[in-house]
Amino acid sequence: MRRRIRLSALAVSLGFLLVPSPLAAVQDREIRVTVEEGTNIAAALSPDGSRLVIDLQGRLWILPAAGGEARTITDELGDARQPAWSPDGRLIAFQSFRDGGWHIWVVGAGGEGLRQLTFGPFDDREPHWSPDGRRIVFASDRSGNYDVWELAIESGALRQLTTDAADDFHPAWSPDGRELAFVSTRRADPGIWIRAGAGAERLAARAAGQVAAPSWSPDGRRLLFNVVERGESRLLSVEVTAPGATPPGARAESERGEDVFPFRVAWLSAGEFLYTADGAIKRRTLAGGSATAVPFRASFAFSRAAYERRRYDFDSAEPRPVRGIVRPAVSPAGDRIAFTALGDLWLLDTRSGGEPRRLTRDPYVDGDPAWSPDGRRLAYASDRAGSLDIWVRDVASGQDLRLTELAGSEVAPAWSPDGSRIAFLAVQGLGSDVVVVDVASRELRTVRRGLFGPGRPTWSADGATLAVAVLRPYSARYREGRNEVLLVSLRDGAERTMTPYLAHSSVGTRGADGPAWSPDGRRMAFVADGALWVVPVAADGQPIGPPRRLADELADAPTWTGDSRNIVYQTSEGLRRVSLDDGRIDEIPLRLAWRPALPAGQMVVHAARLFDGRSPEYRRNVDIVIEGQRIREVRPHATHAPGARILDASRGAVIPGLIEMHTHQGYGFGEVLGRIWLAYGVTSVREPSADPFEALERREAIAAGVRVGPREFFTGRTFDGTRIYYAGSLALDGGTQLPLELERARTLGYDLIKTYVRLPDVLQRRVIEYAHAHGLPVSSHELYPGVAFGADHVEHIRGTSRRGYSPKVTLLNRSYRDVIQLVAASGMTITPTVGIYGGFPVILARDPSVLEEARFTALFTPGVAASLRQSAEEARRELPARMALVTPLGRTVLEVVRAGGRVIAGTDSPIIPYALSLQTELEHFVDGGLSPFEALRAATAVSAEALGAGADLGTVEPGKLADLVVVDGDPLKEIRAARRVRTVIKNGELYELEALLRRP
């Protein structure tokens, strides 16, 4: 039976209240935005030459061919892209994501008769009509990579036209219908290829870089296509030659510096065409003719509803239940459960009534416990020796043995059935190896290299096979896929993949949610659609029967008892035990509480210069009086009362604590990560994707004073569609899992929800409605239609897009007025993350000293430093080209702010280094044209408001939490001075830089 928790009790346990926030006090807003530019729009000309259709922000719009007012013919839910007119001008074919996958649809030119033509789990893109109007060709990943397929309109029959192992896409019929041009990534000859009606294929134009969208001239003698290479996006044309002839060289048809969009041109005649570039529709003649703009106007109208934001209670010192229970593991006898909480390992005797005992007590990160088959030892990961290694503890004696000491992080240990070996993941950057260590000799054997975000390994009963959840992409063209089980033989290294659930469905999230092999080897437990399942398997792991669902609630971390008759798993509301014999589910009591560590006493900070987060000018020679964790007053400097702690900040400047609004932490960095944040002046972080139990453990361990670090705001796993990429993503199809995940967000106290790139728009709207009803904001990579549904935040100017290109920014990193105006008018925030799109190496190339300072060398590993030095050197050699791509991103930041929009500061670390990258992100903002004052506000006051914590954070004022940073220099004059952190006060606790550089 599922327990229901009343909201009032939940609020007490999580430490927040639902009240109107300053942002929620405004009225609902009706917004109308009229744009005259579009980012990455495609345009197609009607056969009679009178009308254009464009795909502005995922809707199809019709306008006169000469330009003018555009009217929409599709709604906001279809994500309609790359339109193509039927030869008779009655229908428009396009690709749409309406049902959660890319499929080919048609609609009448007046918006009537919307109809889906292709179906299934595969993606179908880039439609083009045959000249007789009876067939449509398109690119599809139905065959395991992208090939060109043909659809017969009348019968619906499909036929595969290309079969090369490379990706073939962007097909286009010749005017006489006898040949087909397409793009191919064939290794020897990438570029534009032609397929004749009989199936013979020939190279038409060799082209490097990103090639797209061939289009035939009306006389069939020339092909025009797009190439993006070396910071340029160009239109090229090539003469079509006969079979057997050497392909001629291509000539440029666009001007240098144009930002040409990667879509088919629309021919007006054999010598004149329409195309899209620089945010506009353009008309140009071949062979060097000049371009003229075709003007358009399109209006978006939508309502953004106000809602009550959650307000935080940071002052309560009352005890509250621990919710950050991480990786619970049941002992073979079923009588004990090991888990991580509050930074340490704990042991729960299930017969004790729910009171666990602490196994470790230190400021380091101890996690991933796994029982030996005899129940006498625990393998776990710990950073007590400086990095995450695999350790083994004798449970009775408490004696610890370090088994590994590799350069990266070793995590996710799993014992072999005979207890002689432990399999684990060796993580280095974004790659992971599956490694086996002999417990007696410590000899290592790498079983599988180079996996991207795999799950925890599990052993077959005979110890001959390892199973691990892995990503299986649908093609090499796009990265998304599904989670499957990889089976690796330890005898000969042979590999097989299997899906224990429905075809084209994902197995868990590649976390701690399976697969988990039963000790007798007869079954495998796993999570699918959020629920716990078991499937009968053969000795080698192949399924031999249908899966069986064990529970209807969301499940995590399944582990078996030694008799293979019970599974213990985790839910949002506690631990459960399910019997495989009769299906009975029992709650396992666990009573563990924590209490926030709040400072006491008075501290006075004498600031010669105070940037308070509001005024562009310093307040000079003031005292900041702190009582406990809050600022009591800011007053002119005076003689201090006896007993107060005095911090002399009469040199340099005092600024509010910085807020990192986009990071992903995990626990692989260990305890040093908390010190890294503070050492660079970051006192609060927002994680827009995390394992929810790990994030809660970080929040609780830091707030309880177990280890140092910033204040944590988090969400759980990203809400994604049926295809996913990152470990931890939820593969949602709109079924029963979606409402359960929304309920989990409320139950576990998420601070926001993040929807990801392949979640259909109709489901994103459902998520936003639920989240706002419960006081939670929603963020995503998507701009429209999320902005019309009320989405609160958009992540990245660039960022991953399900389309293969972004509706927010072009391949040359330029955003046009549709993006600027929608962001600014809506009031939603944008987190640009300039650094991960080439900006961070540019900063290093200009100022390599950041990698040599004592703070960096003390807190980051030599491997990280070496990698960054290499990146800096590469950027230095190509600095003008790199700057040409970074500069437009800074310009977009400036344009959003000047239009009245709200920019917040985040980095997507650890793609680039934690904390340091936030400082350099502010430098990008200033490089783009913001003042240092505006840049600092983006990382303080504006970010605090975006968190819904503006009443407590972001400025230095009476009543606010005491988050302060003392820096050397003048950050309102030179933004780099914000890097020079000397002292940090977080929540009223003082940290000197020298202390933060030392391991505890």
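The model is predicted, so local features are reported only at pLDDT of at least 70 and side-chain atom pairs only at pLDDT 80 or more, while totals for chains, interfaces and linings use all residues. Residues are numbered from 1 along each chain as its sequence is written, and side-chain values use heavy atoms, with hydrogens and water left out. The mean pLDDT (the predictor's confidence in each residue, from 0 to 100) of the protein is 95, and 97% of its residues reach 70 or more.

**Confidence at the start of the chain**

- Over residues 1-25, pLDDT stays under 50.
- For residues 1-25 the model has 57 contacts beyond four places in sequence, a contact being heavy atoms within 4.5 Å.

- Helices (H or I, at least four residues) and strands (E, at least two) are DSSP runs, numbered from the N terminus.
- Two strands pair if DSSP finds at least two bridges between them.
- An open sheet is formed by four strands in the order β20-β21-β22-β23, with antiparallel pairing.
- β20 (210-216) and β23 (251-252) are its edge strands, each pairing on one side only.
- Five bridges link β20 to strand β21 (residues 222-229) in the antiparallel sense, and Trp216 has Leu223 in β21 as its bridge partner.

**Strand β44 and its partners**

- Strand β44 (residues 465-473) is largely enclosed by the rest of the structure, because seven of its nine residues are buried; buried means under 20% relative accessible area, exposed over 50%, and partly exposed in between (1.4 Å probe, protein chains only).
- On one side of the pairing list is strand β43 (residues 458-459), which runs antiparallel to β44 and is joined to it by two bridges.
- Trp459 has Leu466 in β44 as its bridge partner.
- The hairpin of β43 and β44 has five residues between the strands, and Gly463 there takes a positive phi near 70 degrees.
- β44 is also joined by nine bridges to strand β45 (residues 481-489), again running antiparallel.
- The bridge partner of Pro473 in β45 is Gly481.

**Helix α5**

- Helix α5 (residues 761-773) has 13 residues and spans 18 Å from its first C-alpha to its last, close to the 18 Å expected at 1.5 Å a residue; the expected span is 1.5 Å times one less than the number of residues.
- The buried residues in α5 are Asp761, Leu763, Gln764, Val767, Ile768, Ala771 and His772.
- Seen down the axis of α5, these buried residues fall within an arc of 165 degrees, so they line one face of the helix; the arc is that of the directions from the helix axis to the C-beta atoms.
- Glu769 and Ala773 are exposed, on the face of α5 turned away from its buried side.
- The cover over the buried residues of α5 includes β64 (719-720), α4 (737-747), β66 (753-755), β67 (778-780) and α6 (786-789).
- After α5 comes Gly775, with a positive phi near 80 degrees.

- Strand β60 (residues 653-656) runs antiparallel to β71 and is joined to it by four bridges; Val654 stands opposite Val966.
- Strand β72 (residues 981-986) pairs with β71 in the antiparallel sense over four bridges, and Thr983 in β72 stands opposite Val966.
- Lys960 is in the loop between α14 (941-947) and β71, and counts as buried at 6% relative accessibility.
- A polar atom of the Lys960 side chain lies 3.5 Å from the backbone oxygen of Leu953.
- Leaving out residues up to four places away in sequence, the residues that Lys960 touches include Arg614, Gln629, Ile631 and Asp952.

- Arg310 lies in strand β29 (residues 310-312) and counts as buried at 5% relative accessibility.
- The side chains of Arg310 and Tyr312 are joined by a polar contact of 3.4 Å; a polar contact is a pair of N or O atoms within 3.5 Å, where within protein one must be able to donate a hydrogen and the other to accept it, and residues adjacent in sequence count only if both atoms are side-chain atoms.
- The Arg310 side chain also reaches the backbone oxygen of Gly749, at 3.5 Å.
- Leu918, in helix α12 (residues 916-927), counts as buried at 0% relative accessibility.
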